[in-house]
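This report describes a structure in terms of its contacts, its core and the relation between its chains. The account begins with a single residue and then turns to the assembly.

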Protein chains: 2
Amino acid sequence: MSLPPWRSLITRALHQNRSLVYARYVQLATMRENGFPANRTVVFRGFLDDTNQLKFITDIRSEKAEQISKQSAAEICWYFPNTREQFRITGELILVNADSHPHLQPARIKMWQELSDAARLQFAWPIPGKQRVTKSEAFTPPAPDNIQPLEHFCLLLLEPVKVDHLELRGEPQNRWVYHRNENQEWLTEAINP
Amino acid sequence: MSLPPWRSLITRALHQNRSLVYARYVQLATMRENGFPANRTVVFRGFLDDTNQLKFITDIRSEKAEQISKQSAAEICWYFPNTREQFRITGELILVNADSHPHLQPARIKMWQELSDAARLQFAWPIPGKQRVTKSEAFTPPAPDNIQPLEHFCLLLLEPVKVDHLELRGEPQNRWVYHRNENQEWLTEAINP
């Protein structure tokens, strides 16, 4: 696979912003059932091998997973503070849970194994978004197995179809849009900022 | 008006993150006509006097303004890096353009007058999102009047109905949701992170 032109721009931005841990945080917009948009911060966890799919994680018990199972369209907004540039990546989300196709399980299991102990522990916490469980033991469960994912754990993949790149630096600003056509080729267009 | 409980939390977060210019950048999710969500960075420009409405600006010629005129539901995601906390603010957007009700014009005009020269100049640039205009003069137009807004200039207001506040610091994390009820009272609930 030849990489689409925006991939090297993301790689460069990640490198130039590597001093900021939160340069890997992106905002993920999805649709609620009532037609309202939802928006929250998620951590970018690399690209899935040999694809352009961005990896994130989520809990099957979260509102986010529920929304995605009903409407997979999404857009992430990724702002890089050091280089003052923004990527808006539009695409379809793929939720990989314990019941997903067997060919997706190795990626899910590998993602689980790469997490920190603290990140894995959160999947053993009480149901996210429900009334707060006040027993503090609920948030200090036994450490889950670090090889086999907990049932709730999902890998979340974003398959991009469009990327809108804005550079605030420069006089004037620069902006490009990258579109994937029906032949899976990426077309580039310079647009007004 | 007594301030809702989440207002002081935003004030505190802005203060504690004041060293970062981009702590005033938030991600605004809206709906496209095709049902896909859209998501982009906008600059928070304070609260409208005596209201809980957040102020932003936009160009009537932008896709964002077009989307909002058709579907006003929105959610902003606001991440504060220094304090490691996130606010998700759900509400309705109000687009204040040159044709809006006269009682909204003073706020629109005041916003215009508070902008920097560079920010005002962008409203005299070519249509955002269209094929790039290559004549460089197009991006160096004469400075617009700094008293009377250009026709394209919009004040954008977000009227919150729900605020979801997550603190990543703390063992475990803390999360609260604030809801406005039909009596315009704000109710607070602690929920699981």
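In this predicted model, Thr188(B) is in contact with Pro5(B), Trp176(B) and Tyr178(B), its neighbours within four places in sequence being left aside. Thr188(B) belongs to strand β8 of chain B. Because 13 C-beta neighbours lie inside 10 Å, Thr188(B) counts as partly exposed; a buried residue would need 20 or more. Between Thr188(B) and Asp164(B) the C-alpha to C-alpha distance is 9.8 Å, with 24 residues separating them in sequence.

The contact between the chains takes 39 residues from chain B and 39 residues from chain A. On the side of chain B that touches chain A, the following strands each supply at least two residues.

| Strand of chain B | Residues |
|---|---|
| β1 | 25-31 |
| β2 | 37-43 |
| β4 | 73-80 |
| β5 | 85-96 |
| β8 | 186-191 |

The most is given by β4(B), with six residues. By class, this side of chain B comprises 23 nonpolar, ten polar and six charged residues.

A rotation of 180° with 0.0 Å of shift along its axis superposes chain B on chain A, with an RMSD of 0.0 Å. The two copies are therefore related as by a two-fold rotation axis. Since 100% of the interface residues of chain B are also interface residues in chain A, the copies meet through the same surface.

The largest nonpolar core has 68 residues, and Ile76(A), Ile76(B) and Leu157(B) have the most contacts inside it. Residues up to four places away in sequence not being counted, Ile76(A) touches Val26(A), Gln27(A), Leu28(A), Ile89(A) and Leu158(A), as well as Asn39(B).

How values were computed. Residues numbered from 1 in each chain as written. Chains lettered and ligands numbered in written order. Predicted model: local features only at pLDDT ≥ 70, side-chain atom pairs only at ≥ 80, totals over all residues. Least-squares fit on C-alpha atoms with pLDDT ≥ 70 in both. Contact = placed C-beta atoms within 7 Å. Helix = DSSP H or I, 4+ residues; strand = E, 2+ residues; numbered from the N terminus. Nonpolar A, V, L, I, M, F, W, Y, C, P; charged D, E, K, R; others polar. Core = buried A, V, L, I, M, F, W, Y, C linked by C-beta atoms within 7 Å. Buried ≥ 20, exposed ≤ 12 C-beta atoms within 10 Å, placed from the backbone.
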